[in-house]
Amino acid sequence: MMPSSGHPLRRGALYGLAAAALFGASAPLAKLLLNDAGPLVLAGLLYLGAGIGLTVAKPAVGRRRFPAEAPLRRGDLPLLVGLTVAGGIAGPILMLVGLTRVSGVTGSLLLNLEGPMTTIVALALFGEHLGRREAAGAALVFLGAAVLSYGPGSIRAEPWGVLAIAAACACWAVDNNLTQRLSLRDPVSVVQWKTLAAGLCMSSIAVVTGSTFPRGRVLVATLVIGALSYGVSVLLDLYALRLLGAAREAAFFATAPFVGAIVAIPLLGERFTVSDSAAAGLMIAGVVVLLLARHSHRHVHDGLVHDHLHVHDEHHGHEHDGPAIEPHAHPHHHDPIEHEHPHVSDTHHRHRH
């Protein structure tokens, strides 16, 4: 997690792919758990498991693995509320409403709108940029996800169901971009807030509506899956957002369905089909293109004051009173600078193109 270890693009890709793997593996596992809990109950418990897991693990791991990050501040509250409402509450509820009105094939294909929508919002509203090669790589991954989701079966779709799922994907696109805006804050605290707030809200709705909650081993299994596939996954994804920006992160995270398909083979007795192989080829090609692409040009950094974990590199040349242990976090000033180097659309590189 250290800012100085390795190239930002490679590290961001690693975090994004690892987050996708953990999240993708949860899909076939959650399908097994649906026999004992409804979708709303299951979603609430998965988010609660994530929040509880991070709350327990953070002090146990200690600061050796998690250096002191920039803390959340009162001014971050609107972003926290926005990403929790959009991604943790509205998104799942809209998805559940939509899935009851469309076929499984249609629902799977529509849910793949999240990646492209995240990229569109990042490019149109949040000042991010993708070069032609990077855009082509992202398109290959998104196409692979769509191919992977398509399979034999009836394509049934009511208009309100389609709109509900599309709206859910739009909510998650907003969530991803708002989360990226908070990616310089303590990632564990951001994920704790989001998962606990969303989990408590959905679980409360489930209680009010008279839903049945699982017990015993099923309850424990659900919380553990939530801790790994939602807690650790979302945490790794937030690091990817920090390093890559939302547009590039969306492409790497879109590989999650492929991992779910791999896990489903031994777990659910499913088979790897020709379309699965085609989807895998498209995704691998897209990831390779993204990793090989280099975006470099002369650009200007305006003066800026902010607070985040950093080391003293070409962007952070400020002085300290006494010795400084790196990495560290504190409010600091960036002097205006003009230079050229390979970069992505992280917080320090949201310039015009």
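Guide: How many helices and strands does the secondary structure of the protein chain come to? The chain has twelve helices and four strands; helices (H or I, at least four residues) and strands (E, at least two) are DSSP runs, numbered from the N terminus. This is a predicted model, in which local features need pLDDT of at least 70 and side-chain atom pairs count only at pLDDT 80 or more, while totals for chains, interfaces and linings use all residues. Residues are numbered from 1 along each chain as its sequence is written, and side-chain values use heavy atoms, with hydrogens and water left out.

Now the interior. Of the 353 residues of the protein chain, 48% count as buried. Buried means under 20% relative accessible area, exposed means over 50%, and partly exposed lies in between (1.4 Å probe, protein chains only). Contact means heavy atoms within 4.5 Å. Among contacts between residues at least 6 apart in sequence, 87% join residues at least 24 apart.

In soluble globular proteins, nonpolar side chains tend to be buried together. A nonpolar core is a set of buried Ala, Val, Leu, Ile, Met, Phe, Trp, Tyr and Cys residues joined through side-chain atoms within 4.5 Å. The largest such core here has 33 residues, and Tyr 15, Phe 142, Leu 235 and Phe 252 have the most contacts inside it. At least two residues of this core come from each of helix H1 (8-33), H3, helix H6 (132-149), helix H8 (187-208), helix H9 (216-244), helix H10 (246-253) and helix H12 (274-292). H9 gives the most to this core, with seven residues. Another core lies apart from it; this one has 17 residues, including Ala 37, Tyr 47, Ala 198 and Met 202.

Helix H9 also holds Ser 233. Ser 233 counts as buried because its relative accessible area is 1%. Leaving aside neighbours within four places in sequence, Ser 233 is in contact with Ala 19, Leu 22, Phe 23, Leu 228 and Phe 253. Helix H1 contains Leu 14, which counts as exposed because its relative accessibility is 56%. Leu 14 is 223 residues from Asp 237 in sequence, with 9.7 Å between their C-alpha atoms.

Cysteines come next. A disulfide is a covalent bond between the sulfur atoms of two cysteines. Here it is taken as a pair of cysteine sulfur atoms within 2.5 Å, and the structure holds zero disulfides. Cys 171 is in none, and the nearest cysteine sulfur, that of Cys 169, is 9.2 Å away. Cys 171 counts as buried because its relative accessibility is 16%. Cys 169, in helix H7 (residues 159-181), is buried too, at 0% relative accessibility. Not counting residues up to four places away in sequence, Cys 169 touches Leu 110, Leu 111, Leu 113, Glu 114 and Met 117. Cys 169 and Glu 114 are 55 residues apart in sequence, yet 4.5 Å apart in space, C-alpha to C-alpha. Cys 201 has a relative accessible area of 26%, so it is partly exposed.
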